[in-house]
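Please keep the sequence and the model in view while reading.

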Amino acid sequence: MMESVLFQIASALYVAGTGLGFVYLYNRDERLSRWMHNLLAVGVVFHLASSGIRLKHFWDIPENRWYLPVNSFFGALSAMALAITATFVVVEGRHRLGILGAFVLPWACLAALGGVFRVHSMGDTEIYGLAPALQSYWMNIHPLVIMVAYAVFGNAFGVGVALLVQERQLRSKRPQELCYRLPSIEELDTLNYRLVAAGFPVLTVGIIMGGIWAHNAWGRFWGWDAKETWSLITALVYAVFLHQRLVKGWRGRKAVYTSMLGFACVVFTFVGVNFLSRLHGYLSAR
Amino acid sequence: MELLLAGLNHKSGVAAAARDNLAAAGAAEFLRRLREAGWEEAVVLSTCNRLEIYAAAAGGEPKERLGALARLIEAAAGAPVGGHLYLRSGFDAARHLFAVSSGLDSLVTGENEILGQVKSAYETAFAARMTDKLTNIIFQRAIFVGRQARADTGISAGQLSVASVAAALAERIFGTLQDSSVLILGAGQMAEIAGRHLLSAKPSRLRIANRTFERGSELAAALSPAAEAVRWEDFPALLETTDIVLASTGAPEPVLTRAMVESAMPARMGRSLFLIDIAMPRDIEDAAGELDHVYLYTLADLQGIVDENMSRRKKEISAADRLVEAKAREFADWLAAVRAGEQASLRHHPGRSLRRGEVSPGGVGAARDGEPQEERS
């Protein structure tokens with residue numbers, strides 16, 4: 001109960017912070033950016049408190065002890081929202097890119113609100129025992145690594161949107177104030193590239209870890225389960241992005257579209273596959 | 001203690017000769033005369049477009065004291081200017097000073113140079129030991145309000161010259177220009193002005209291609225020791241290693257074609273190319289701007305942005321006026337409280353880091369090079 005209350009407060013703070021991010025796009029008052037960061041940071045604290053309680057309840061089930069509670073859809077959504085917000089606070093906060101909040105944070109909000117919706121539709125925060133195959137130390141590594149990669153890709157997506165907006169502004173020949181507030185084309189492009197370049201190896205390692213775990217648990221490294229397939233597709237799209245950029249100099253719009261396609265794959269792998277996958281389905285398992 | 005102001009500005013319609021006399025006298029001379037006349041606190045703001053004396057009087061009727069200030073100005077002008085002078089005291093004087101430091105009283109709304117001039121007028125008076133509690137506080141306050149007006153409202157937002165708009169756009173494409181290389185086509189006056197602007201953003205490289213190589217070399221030498229003249233026929237090949245092209249030749253036909261840009265793009269590996277065409281007739285083919293990663297701005301585009309910035313500043317005047325009015329009111333209230341012997345302090349805007357600016361107003365006058373400024377002296 002307490003867990004879901006704290007989670008909902010955190011979600012509300014994320015939404016409020018994101019709202020300020022949108023206002024900040026059109027109003028150059030620095031306090032907006034500062035308050036956006038403050039709200040997000042407080043949200044993260046509430047979220048961590050909520051996660052702590054979740055962990056306690058999760059560990060109350062003996063076979064779950066010491067494993068991360070991300071075996072349910074709620075657990076995964078919650079972790080996702082936390083990861084995207086935390087990545088934003090760290091990356092954009094450090095580079096003083098509060099202006100990107102409006103582009104990146106909607107994904108955190110979507111994940112958080114998805115969690116809120118899930119809590120209300122399920123009536124609880126989905127704490128249940130781990131299936132025997134999942135009772136492995138990999139449970140603490142594989143999903144975590146993958147989610148970090150997803151959060152980084154989510155940030156890259158937001159940066160990509162900002163880049164498209166900035167390009168449009170400059171092409172219009174009548175740039176609005178927004179143009180002078182957003183980072184430059186080359187900065188956004190570099191940030192987009194760096195985020196993907198950071199996320200890609202993490203995702204690859206995460207997938208390989210998944211393979212090793214699958215080998216231990218199910219006796220095969222790779223089984224073309226829908227999630228496995230789609231995560232491979234995701235990794236391939238990002239591999240194309242990196243290859244084309246480094247070899248062919250794909251930048252700007254073309255690069256952003258590729259990076260966006262990659263993130264569409266991420267979202268599908270994360271949400272859509274639940275309806276297809278027997279082994280990885282948060283929605284089908286239980 | 002009352003704050004008094006006697007002054008003239010560009011709107012006052014004083015004869016040119018009188019204005020020249022006043023400008024020639026200078027702030028230091030005025031301070032000397034003020035001291036001789038028995039004034040203990042005074043600051044003189046003297047620029048091409050204004051002469052204002054702010055003084056504090058302990059005793060006597062403000063009207064009389066203002067009359068004395070007016071006579072002092074008239075003596076220096078060597079002509080009757082009495083009818084043109086504005087004489088103010090208390091709240092009205094404070095409001096005027098804040099409006100001046102905010103750039104609201106300038107020919108070019110929100111220009112930055114006046115803030116530096118207010119600061120140096122204060123420093124000159126301070127060095128001459130002509131400031132005390134009231135003038136210290138009102139001038140530090142004026143610098144603070146000037147900064148706040150510019151930070152909180154849009155009165156000094158946006159560039160007001162074609163060259164500075166072009167430089168600002170270049171920064172929207174490349175971030176800092178430190179890794180960007182500039183190529184100037186032509187060596188005329190416009191090329192020089194725009195070149196200086198781009199140079200102030202410190203690009204990594206600046207090359208000049210002109211049909212007459214010698215003229216290009218001359219401009220390169222005039223601009224910067226780092227600038228380099230190149231042969232006209234070599235410039236298409238340089239597009240591969242150039243980020244910003246500034247075209248300003250007298251050629252009757254476009255000299256930079258879409259085909260030239262297109263063939264340079266693969267080697268650029270997707271890096272943006274900013275083409276600035278300030279030539280009349282045009283130097284760069286319109287079609288070049290349709291290419292991916294290429295941004296083409298013409299003189300008309302840039303002028304359009306300048307006009308827009310100008311009207312945007314004008315729209316912000318009322319917001320800045322409100323700020324000035326509120327700050328002047330705050331100051332007048334503070335002064336009244338001090339006079340009544342109460343404990344009073346002037347609040348700063350809560351939670352603002354502008355406070356720093358008040359203690360040490362360093363760098364206030366850092367106007368952007370080449371921006372139209374009203375009060376250049």
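Helix α11 of chain B, residues 299-315, lies across β9 and β10 of chain B and runs at about 75 degrees to β10(B). Such angles run from 0 to 180 degrees between N-to-C directions, with axes taken as lines fitted to C-alpha atoms, for helices over the stretch in contact. Helices (H or I, at least four residues) and strands (E, at least two) are DSSP runs, numbered from the N terminus.

The model is a predicted one, in which local features need pLDDT of at least 70, side-chain atom pairs count only at pLDDT 80 or more, and totals for chains, interfaces and linings use all residues. Residues are numbered from 1 along each chain as its sequence is written, while chains are lettered from A and ligands numbered from 1 in the order in which they are written.

## The parallel sheet of chain B

The strands β9(B) and β10(B) pair in the parallel sense over 5 bridges, β9(B) covering residues 273-277. Two strands are said to pair if DSSP finds at least two bridges between them. Within this pair, B:Leu275 stands opposite B:Leu296 of β10(B).

Both strands belong to an open sheet of 6 strands with parallel pairing, in the order β7-β6-β5-β8-β9-β10 of chain B. Its edge strands are β7(B), residues 228-231, and β10(B), residues 294-298, each of which pairs on one side only. On average, neighbouring strands of the sheet are turned by 20 degrees against each other, direction ignored. Strands of a sheet pair through backbone hydrogen bonds, either parallel or antiparallel.

## An enclosed strand and its partners

Strand β3(B) is largely enclosed by the rest of the structure, because 8 of its 8 residues are buried. A residue counts as buried if 20 or more other C-beta atoms lie within 10 Å of its own, as exposed if 12 or fewer do, and as partly exposed in between, with C-beta atoms placed from the backbone. Both faces of β3(B) are covered: B:Arg50, B:Glu52, B:Tyr54 and B:Ala56 are buried on one side, and B:Leu51, B:Ile53, B:Ala55 and B:Ala57 on the other.

Strand β1(B), residues 2-9, pairs with β3(B) in the antiparallel sense over 8 bridges, and B:Leu4 stands opposite B:Ala55. Strand β2(B) also runs antiparallel to β3(B), joined to it by 7 bridges. In this second pairing B:Val43 stands opposite B:Tyr54, and a hairpin connects β2(B) to β3(B) through 2 residues.

## A kinked helix

Helix α1(B), residues 16-36, has a kink of about 80 degrees centred on B:Gly26. The bend at a residue is the angle between axes fitted to the seven residues ending there and the seven starting there. Just after this helix, B:Gly38 takes a positive phi of about 95 degrees.

The buried residues of α1(B) include B:Ala18, B:Arg19, B:Leu22, B:Ala25 and B:Phe30. Among the elements that cover the buried residues of α1(B) are β2 (41-47), β3 (50-57), α2 (62-77) and α4 (113-127) of chain B. Two residues are in contact if their C-beta atoms, placed from the backbone, lie within 7 Å.

## Chain B as a whole

The secondary structure of chain B comes to 13 helices and 10 strands. Of its 377 residues, 48% count as buried, and the C-alpha atoms fill a box of roughly 80 × 45 × 30 Å along the principal axes. Among contacts in chain B with a separation of 6 or more, 74% are between residues 24 or more positions apart.

Chain B is divided into domain 1 (2-157 + 316-359) and domain 2 (162-308), with bounds from an automatic or database domain assignment. The C-alpha centres of these two domains lie 44 Å apart.

## Domains of chain A and the contact between chains

For chain A, the assignment gives domain 1 (1-127) and domain 2 (141-286), whose C-alpha centres lie 20 Å apart. The contact between these domains takes 20 residues from domain 1 and 21 residues from domain 2.

The contact between the chains takes 15 residues from chain A and 16 residues from chain B. On the chain A side, α5 (138-171), α6 (177-181) and α7 (185-218) each supply at least two residues, and α7(A) gives the most, with 3 residues.
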